[in-house]
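Here are some notes for a first look at this structure. Please keep the model open while reading the points below.

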Amino acid sequence: TRSGLFFEALRIIEATKPRIAIAENVKNLTSKKFKEQFQIVLESLEAAGYNNYWKVLNAKDYGIPQNRERVFIISIRKDIDNGFEFPEPYELKLRLKDMLDAVVDEKYYLSEKMFNYVFNMNKEAKGIGFSDSVDGSYINPTIANTICCRSAEGQRSGTSNYVSNDIDETLQVRDM
């Protein structure tokens with residue numbers, strides 16, 4: 001519908017006519033399933049007076065140790081457009097451990113009450129909860145135990161992120 005966030009941004013773009021507008025969204029926006037919606041986005045920006053350049057980029061190709069693909073749309077006002085090229089990927093030299101703080105302020109830890117709330121809030125409502133094997137005593141921004149989702153039937157689903165108690169270990173993602 002035209003009431004979505006993109007169309008609110010488009011309204012602002014049409015009213016203010018910035019030289020460049022940058023949009024970012026999930027990679028799936030470029031899939032067959034959303035082809036029509038993606039085309040509407042591009043055509044709407046073009047009708048507003050912009051040339052569009054888009055590409056799916058992965059954060060790991062630009063210095064961030066995370067496999068995160070997103071679509072970026074660079075829209076340049078037609079009267080000033082001289083073309084645009086996305087930057088070339090470069091070698092990843094950092095690992096997750098290079099970005100984590102060795103000491104984290106106590107205020108960022110989940111209290112036992114908040115931990116219980118977060119990990120139990122969807123069990124009854126949606127039949128989805130987290131494994132009872134999670135040890136809340138050390139859930140914090142840098143150290144997390146294995147957390148896995150369960151379907152209404154009690155089957156494991158999704159992925160589990162595991163960071164060892166030894167912060168020098170690297171992040172491993174395992175399918176359940």
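1. Phe7 is buried, at a relative accessible area of 15%. The cut-off for buried is under 20%, so Phe7 qualifies. Bear in mind that this is a predicted model.

2. Phe6 is partly exposed, with a relative accessible area of 22%. Phe6 and Phe7 form an edge-to-face aromatic pair. Their centres are 4.9 Å apart, and 75° separates the planes.

3. Phe38 is buried, with a relative accessible area of 5%. Trp54 is partly exposed, at 42%.

4. How many aromatic pairs does the structure hold? There are five. Ring pairs also link Tyr53, Phe84 and Phe86 into a cluster.

5. Now the helix H1, residues 5-16. H1 has 12 residues and reaches 17 Å from its first C-alpha to its last. That is close to the expected 16 Å.

6. Which residues of H1 are buried? They are Phe7, Leu10 and Ile13. These residues cover an arc of only 110° around the axis, so they sit on the same side of H1. Leu5, Ala15 and Thr16, on the other side, are exposed.

7. What do the buried residues of H1 pack against? Their partners are strand E1 (20-26), helix H2 (35-47) and strand E2 (50-58).

8. Check the end of H1 as well. Lys17 follows H1 and has a positive phi, near 50°.

Notes: Residues numbered from 1 in each chain as written. Predicted model: local features only at pLDDT ≥ 70, side-chain atom pairs only at ≥ 80, totals over all residues. Heavy atoms only, no water. Helix = DSSP H or I, 4+ residues; strand = E, 2+ residues; numbered from the N terminus. Expected span 1.5 Å × (residues − 1). Buried < 20%, exposed > 50% of the residue type's maximum accessible area, 1.4 Å probe, protein only. Arc of directions from axis to C-beta. Contact = heavy atoms within 4.5 Å. Phe/Tyr/Trp six-rings, centres within 6.5 Å; stacked < 30°, edge-to-face > 60°.
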